[in-house]
Structure formats: C-alpha cells, structure tokens
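Student: I would like to learn how to read a structure of this kind feature by feature. Could we begin once it is on the screen?

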Amino acid sequence: MRREHLLKIGVSGIRGVVGEFLTPALACSFGQAFGSYVGRGRVIVGRDTRATGEMLQHAVQCGLLAAGCEVIDVGVLPTPTIQMYVGATGAHGGIAVTASHNPPEYNALKLFNGHGLFFNHYERTELIDLYHQSDFYQAGNDEIRGIRCDYESPALLHIERVLRHVDAALIRKRRFRVALDGVNGAASVMTPRFLTETLGCRLDAISVDPTKPFPREAEPRPDTLGDLAALVTARGCEIGFAQDPDGDRLAVADENGRVLDNDDVLALAVDAALERLPGDVVVNLTTSSVIDDIAAAHGRKVFRTPVGEANVVEMMQAVNAVIGGEGSNGGIIFPAVHLCRDSFTGMAFLLERMAKTGATVSELAAGLPRYYRKLGKVAFEHGALGTLMQGLEDRFPDAEADRSDGLKLQWPGRWVHVRASNTEPLLRLAAEAREVSAMEDLYGTVTALLLNGQPADRAE
Ligand code: MG
C-alpha cells in the first residue's frame with residue numbers, strides 16, 4: 001500500500017494507521033481545531049472498540065478542552081447513536097473515533113455538526129483550512145471546562161426513535177429466533193439488548209464482547225460472514241444480522257444461512273419505508289437498479305449521488321427524501337429516525353416485514369426484481385486514471401455516461417460503474433444486468449480494458 005494511504009487528512013476528516021502515522025498529538029491538534037471551528041460549546045465524543053480508541057478519544061478530548069469546549073464522553077457506542085445524541089442535545093458538534101470497517105491498525109475521526117450530520121463539503125473544507133493554519137482558539141483559565149460522562153442516554157434515545165417507526169408489539173409476538181455477529185464492535189452491547197429486551201427475539205450471538213479484537217475482516221460481506229451463516233443453520237435461526245465495527249452497516253443472512261446481497265437488503269428497507277411514508281429515494285451510483293424498480297412500483301423517484309454517506313445525506317436533505325442508502329456499503333438511511341446509516345433501523349424493518357407478511361427472508365428476497373451483480377477491483381498505476389476512463393468511454397459510445405463519480409455507463413437493463421477508491425490505489429468496478437451472461441460479458445470486457453490500458457500484473 002502506498003504511503004499516502006497510511007495517513008489522510010482531507011475533506012473526509014482524518015484517517016490513518018495509528019502510531020507511526022496517526023498520532024495522539026495529531027488527534028489532539030485536530031480536536032482543538034474542531035473545537036475552535038464549532039465555536040467552543042458542547043461536543044459529544046464516542047468511539048468504537050478498536051484498541052487505540054480510548055487513547056485517541058483522550059487525545060481528541062484534550063484538544064477540545066484546550067479550545068474551551070465542554071466534552072460529553074459517551075464511551076463505546078455505534079456511530080448512528082452518537083450522531084442522534086449530538087442532534088438531540090443542542091451540542092455544537094460531535095466526533096466518533098472510529099475507522100468503521102477498516103482494519104484494526106487504522107483509526108479515524110468522523111466529524112458531525114450540531115445537527116448530528118456529517119460535515120458537508122463546505123464545513124469540511126473550512127475545518128481543514130483552519131487545521132492547516134493552526135489557527136486554534138486557546139481557552140484561558142477561566143474558560144476551561146470539564147468532561148461529563150453519559151453512557152446510558154444515547155442508546156435509550158436511539159432505540160426510542162426506531163420504535164416510533166415499527167410495530168414492536170407485532171415483532172415481539174413472533175419471538176423470532178435471530179443470529180447476530182457483532183464483530184466485537186461498538187454495537188456489541190446495544191444490539192443484543194435491542195433484539196432481546198426490545199424486540200422479544202430469541203438470540204444466538206457471536207462476537208459481542210467489546211473488549212476483544214475483531215474476529216473477522218471488519219467489513220460485513222457475504223465472504224466475511226461464514227461464521228454467521230454457520231450459526232444460522234446450526235441453530236435453526238429465521239434470520240442472521242451482522243454489523244461493522246461502528247454499527248452503521250448491516251448485513252443480513254436468510255434462514256438457510258445465505259448472506260443477502262446488501263443491495264437487496266436496502267431494497268427491502270426501501271419498500272418498507274415507501275409503503276408507510278411519502279417521498280423519494282436517494283442512493284449512490286453503484287447501488288442496484290432494483291431500487292429504481294421498487295420506487296417505480298410506488299410511483300416515486302430515485303436520485304443518485306457519488307459514493308459516500310455524506311453525498312447521499314446531502315442529496316436526501318435537498319430533495320426531502322423518505323429513505324436512502326448505499327447498497328453495496330450496507331447502509332440504510334431513514335431520516336425519520338436520523339439522517340445517517342443505521343443498522344438498528346434496518347434490523348427492525350426486516351423483522352417487522354417478516355412479522356407482517358409471515359414470509360421467510362429467502363421468500364422476501366425472492367420477491368424482489370432479479371438483477372445479477374458483480375463487484376471487483378483492479379489496481380492502477382498512479383497517473384493512469386484519466387487515460388483509463390477516457391478509453392472506457394470511447395469503447396462504449398452508445399452508453400449513457402455519468403461522470404459525477406468516476407464513470408458510470410448505462411444501457412437499458414444493464415450498467416457498469418468504475419471509480420477510484422478513496423482509501424486504496426484501486427479502481428472499484430461494479431457491473432449489473434438482468435441476465436447473468438450480459439453481466440459477465442460487460443464485467444469481463446471492462447476488466448480487460450482496464451488491465452490492457454496499463455502495465456501487466458495489476459489485477460487483484
Ligand atoms: Mg461503519
């Protein structure tokens with residue numbers, strides 16, 4: 001991996017390998033910059049369970065205190081829970097110390113404004129400028145405030161919000177047998193309570209010890225969730241859930257242990273939301289066309305954005321969307337609960353759907369319009385990106401092209417999307433079609449074009 005990926009300070013905040021690159025001193029400076037930017041006031045700080053979390057949280061809090069902020073330490077909590085608490089408590093902002101699905105040696109700061117939303121592009125740019133100029137507020141003795149801890153209220157607030165939008169009594173009545181893989185992450189304590197105490201499920205859980213390391217690759221995908229699949233079949237569970245280390249992403253396994261495509265999970269949530277509320281849908285460019293079909297069936301529109309939760313959320317605000325998300329990234333965003341990716345809303349929606357229809361998860365998934373999808377990646381040489389994208393566009397002059405995030409080429413019933421990863425020197429490739437042969441053709445042709453456009457041996 002190239003060096004610039006080991007530490008990134010930019011418009012998406014700050015992320016890096018802790019120790020050599022992302023240091024406590026840097027986190028402290030960034031905390032002081034953040035505190036100066038949000039105008040001192042109250043700032044909520046929480047974290048996920050990775051080993052460096054507590055150290056970096058202290059460092060960030062030190063910087064916030066130096067800028068004259070009042071710090072509320074909410075401890076280990078899912079990112080969506082922290083975001084809701086920021087919005088509900090009149091705080092000036094919030095910081096989650098989490099590198100989400102990145103490997104355990106990484107950590108990062110997720111930054112929220114006073115509404116508990118990701119900083120928009122304008123806010124991020126201003127904060128980064130302030131950080132680089134070291135133009136920090138330094139509180140005097142009489143302005144220094146303290147740290148208060150609140151480890152209970154945020155979770156209660158979050159659960160109460162979700163319960164406003166599902167029929168919990170109906171779910172409880174079914175006493176669903178549910179499997180959970182919490183990756184020993186930030187939701188490890190909250191999710192078992194939510195599923196058993198709130199929703200009355202009979203739970204078989206693995207990896208719900210927040211003091212232990214991540215037992216699997218952190219990103220919840222079909223190829224990383226073998227243990228969950230085995231648990232579902234061994235215990236005869238009706239559904240299996242898996243989260244990422246900061247609890248915003250959700251993956252779902254059916255009663256046979258087959259992990260659903262995340263786009264299909266989002267589609268089921270979109271269908272559930274459109275059934276009960278008016279409004280349109282926002283998803284990223286890489287999300288399946290299954291969402292368009294579901295929205296069309298309800299007479300709604302779909303807006304598409306570049307990949308990234310902040311992009312989806314900004315568009316959702318602009319069009320007052322009723323639901324949104326990022327299919328392949330396992331994110332369901334339901335603004336009636338909060339404008340953020342939230343695995344808890346997703347779990348409640350799925351269980352309510354099963355309770356209402358009496359259908360199994362595999363039956364619900366089988367009821368969705370069928371598309372074939374393939375995701376992949378191709379390593380690329382620095383500087384080759386422009387040529388590769390232009391070559392692709394020239395090869396398919398009949399396609400409708402969208403250049404707002406890499407290149408998406410679209411035809412009726414099929415599309416391909418190629419974009420450079422924000423975190424690694426890779427091109428991410430997604431292809432979809434109604435027929436498996438058309439999808440394989442498109443995927444193969446585009447992969448070959450990307451490989452032939454640069455020196456050999458770059459594929460992964
Ligand atoms: Mg996450």
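Student: Is Glu160 buried, exposed or partly exposed, and what is its relative accessible area?

Tutor: Buried means under 20% relative accessible area, exposed means over 50%, and partly exposed is what lies in between, with a 1.4 Å probe and protein chains only. Glu160 has a relative accessible area of 37%, so this residue is partly exposed. Before we go on, note that this is a predicted model, in which local features need pLDDT of at least 70 and side-chain atom pairs count only at pLDDT 80 or more, while totals for chains, interfaces and linings use all residues. Residues are numbered from 1 along each chain as its sequence is written, and side-chain values use heavy atoms, with hydrogens and water left out.

Student: With which residue does Glu160 form a salt bridge?

Tutor: A salt bridge is counted when a side-chain nitrogen of Lys or Arg is within 4 Å of a carboxyl oxygen of Asp or Glu. Glu160 pairs with Arg164, their closest N and O atoms being 3.1 Å apart, and Arg164, at 51% relative accessibility, counts as exposed. The search of the whole structure finds 33 salt bridges. In another of these pairs, Glu70 meets Arg148 with 3.5 Å between the closest N and O atoms. Because Glu70 lies in strand β4 (residues 70-76) and Arg148 in strand β7 (residues 147-149), this pair ties together parts that are 78 residues apart in sequence; strands here are DSSP runs of E with at least two residues, helices are runs of H or I with at least four, and both are numbered from the N terminus. Glu70 counts as buried at 12% relative accessibility, whereas Arg148 is partly exposed at 43%.

Student: Which residues coordinate the magnesium ion?

Tutor: Donors are N, O and S atoms within 2.8 Å of the metal (3.2 Å for Na, K and Ca), and since water is not among the atoms, sites may look incomplete. Here the magnesium ion is coordinated by Ser100 (OG), Asp244 (OD), Asp246 (OD) and Asp248 (OD), at 2.0 to 2.1 Å. Ser100, in the loop between β5 (93-97) and β6 (106-112), and Asp244, in the loop between β10 (239-243) and β11 (250-253), are 144 residues apart, and both of these residues are buried. Asp246 and Asp248 also belong to a network of salt bridges that links them with Lys110, Glu309, Glu326 and Arg341.

Student: Which residues touch the most other members of the largest nonpolar core?

Tutor: In soluble globular proteins, nonpolar side chains tend to be buried together. A nonpolar core is a set of buried Ala, Val, Leu, Ile, Met, Phe, Trp, Tyr and Cys residues joined through side-chain atoms within 4.5 Å. The largest one has 69 residues, of which Phe194, Leu195, Ile239, Phe241, Ile323 and Leu351 touch the most other members. Helix α9 (residues 262-276) gives the most to this core, with 9 residues. The core lies between domain 1 (3-151) and domain 2 (157-366), because both give residues to it; the domain bounds come from an automatic or database domain assignment.

Student: How many salt bridges does the rule find across the interface of domain 2 and domain 3?

Tutor: The rule finds 4 salt bridges across that interface. Buried area is the accessible area (1.4 Å probe) that two parts lose on being put together, summed over both, and between domain 2 and domain 3 this area is about 990 Å², with carbon and sulfur atoms giving 45%. Leu285, Thr286 and Val307 supply 49% of the area that domain 2 buries against domain 3, more than any other three residues.
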